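Please open the model in a viewer and keep the selection tool at hand.

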Amino acid sequence: MTESVVASRHKDCLPCRIVSGTGVLGMGVYVWVQAKKRPQAVGRYALYGVAAVAGSVGIARLLDVYPFGKPESKPKE
């Protein structure tokens with residue numbers, strides 16, 4: 001049986017994680033700053049939500065947590 005494409009893909013390197021993680025985190029900061037300039041509350045809170053998600057994804061990417069890194073192994077019973 002052949003190995004799957006996902007199992008044989010290139011593993012992440014530290015510079016790749018740093019560049020992509022800080023890029024997405026920076027995008028979250030930019031959206032947060034732009035949200036402060038919105039006059040309507042609904043649009044402002046929607047952009048705050050987008051900024052929070054982007055920041056969370058950037059932090060997850062930098063810290064190499066699942067789904068970007070290896071999933072935590074469950075203890076065997």
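Is Arg61 buried or exposed? Select Arg61: this residue is buried, with a relative accessible area of 11%. Here buried means under 20% relative accessible area, exposed means over 50%, and partly exposed lies in between, with a 1.4 Å probe and protein chains only.

Before continuing, please note that this is a predicted model, in which local features need pLDDT of at least 70, side-chain atom pairs count only at pLDDT 80 or more, and totals for chains, interfaces and linings use all residues. Residues are numbered from 1 along each chain as its sequence is written, and side-chain values use heavy atoms, with hydrogens and water left out.

Arg61 is placed in helix H2. Helices (H or I, at least four residues) and strands (E, at least two) are DSSP runs, numbered from the N terminus.

**Second stop: the two helices**

Now select residues 14-36, helix H1, and residues 41-63, helix H2; their axes come within 8 Å and cross at roughly 165 degrees. Axes are lines fitted to C-alpha atoms, for helices over the stretch in contact, and angles run from 0 to 180 degrees between N-to-C directions. H1 and H2 are therefore roughly antiparallel to each other, a term for angles over 145 degrees. The residues of the contact between H1 and H2 comprise 16 nonpolar, six polar and four charged. Ala, Val, Leu, Ile, Met, Phe, Trp, Tyr, Cys and Pro count as nonpolar, Asp, Glu, Lys and Arg as charged, and the others, Gly among them, as polar.

**Third stop: the annotated spans**

Select residues 14-33 and 45-63, which UniProt lists as "transmembrane region" in an unreviewed entry. Residues 14-33 are 100% helix and 0% strand, with end C-alpha atoms 28 Å apart. For residues 45-63, also 100% helix and 0% strand, the end C-alpha atoms lie 27 Å apart.

Ala35 is in helix H1 and is buried, with a relative accessible area of 0%. Ala35 and Ala51 are 16 residues apart in sequence, and 8.5 Å separates their C-alpha atoms.

Select Asp12, in the segment before H1; at 41% relative accessibility, Asp12 is partly exposed. Finally, select Asp64, in the segment after H2. Asp64 has a positive phi of about 60 degrees although it is not a glycine.

Note on methods. Parallel < 35°, antiparallel > 145°, perpendicular 65-115°, else oblique. UniProt positions renumbered as here; feature names shortened; annotations may be inferred.
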